[in-house]
Amino acid sequence: AKIIDQPLQVLRKPAEAYDVLTPPDPSSPEVLHELEQIQSIQRQSSDKDKARLTEIVNKSDKTFLRVFFEYGRDHGLNVERYETALEAILEDVNTVVMDKKYSFNFPRPWQYQMGDPIIMTSAIRPSIDSPSYPSGHSAQAFVVSTVLGNVYPDHREAFEEIAESIGVNRVKAGWHFPMDHV
């Protein structure tokens, strides 16, 4: 079964009941501006920066929970005891996000050739086959930061910073537009 069709286990409303802002038209000036932003970030990155970014996004790509767990271990928090609950919540969030992604069907930054002059962005491993908007990693990371921030309020800001970095790094990698990072 497709992830979009999976019944939700934790969230109470069906996936289509959750609202996400409608993105601008893919050929709009806003999107062109965001492509230019991504291109600028990439131009300003050294080879060392790109190698470090690749390492970071690879670390958080499939199992970004471990970034939160590492923070917890480093700060004497037993964050891992919430792993099963977080995974169940994240599975539901992923179903909702994928429902939104395929309803908007927004292209990834590297799929563009637009503007005058032509603007093309590159991406680290441009092989992601789902649409761009909204970013699932960003949404899931912010859900985790919210849950853990409620459990450990003294660490809320740090968890939010982790979530922010997960989303921003995916923009820097050319996988997402800044607007995807919601």
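1. Is Q37 buried, partly exposed or exposed? Q37 counts as partly exposed because its relative accessibility is 32%, where buried means under 20% relative accessible area, exposed over 50%, and partly exposed in between, with a 1.4 Å probe and protein chains only. The residue belongs to helix α1, residues 29-44.

2. Basis of the note. This is a predicted model, in which local features need pLDDT of at least 70 and side-chain atom pairs count only at pLDDT 80 or more, while totals for chains, interfaces and linings use all residues. Residues are numbered from 1 along each chain as its sequence is written, and side-chain values use heavy atoms, with hydrogens and water left out.

3. Confidence. The protein chain has an average pLDDT of 86, and 90% of the residues score at least 70; pLDDT is the predictor's confidence in each residue, from 0 to 100.

4. Overall make-up. The protein chain has six helices and zero strands, taken as DSSP runs numbered from the N terminus (helices H or I, at least four residues; strands E, at least two). Of its 182 residues, 44% are buried. Among contacts (heavy atoms within 4.5 Å) between residues at least 6 apart in sequence, 78% join residues at least 24 apart.

5. Helix α4. This helix covers residues 83-104, 22 residues in number, and reaches 31 Å from its first C-alpha to its last, close to the 32 Å expected at 1.5 Å a residue. The expected span is 1.5 Å times one less than the number of residues. Its buried residues include L86, I89, L90, V93 and V97, and also the charged-side-chain positions D92, D99, K100 and K101. Among what covers the buried residues of α4 are α3 (65-74) and α5 (136-151).

6. The loop between α4 and α5. N105 lies in this loop, just after α4. The residue has a positive phi of about 50 degrees although it is not a glycine, and N105 is exposed, with a relative accessible area of 52%. P134 lies in the loop between α4 and α5 as well, and the peptide bond from Y133 to P134 is cis, with omega near -10 degrees. Most residues other than glycine have a negative phi, and most peptide bonds are trans.

7. Helices α5 and α6. α5 packs with α6 (residues 156-172) at an angle of about 175 degrees, their axes 8 Å apart. That makes the pair roughly antiparallel. Axes are lines fitted to C-alpha atoms, for helices over the stretch in contact, and angles run from 0 to 180 degrees between N-to-C directions; under 35 degrees counts as roughly parallel, over 145 as roughly antiparallel, 65 to 115 as roughly perpendicular and the rest as oblique. Residues of α5 including H137, F142 and L148 meet residues of α6 including F159, I166 and R170. By class, this contact has six nonpolar, seven polar and four charged residues. Ala, Val, Leu, Ile, Met, Phe, Trp, Tyr, Cys and Pro count as nonpolar, Asp, Glu, Lys and Arg as charged, and the others, Gly among them, as polar.

8. D61. D61 lies in helix α2, residues 47-61. The residue counts as buried because its relative accessible area is 12%. D61 and R170 are 109 residues apart in sequence, and their C-alpha atoms are 8.9 Å apart in space.
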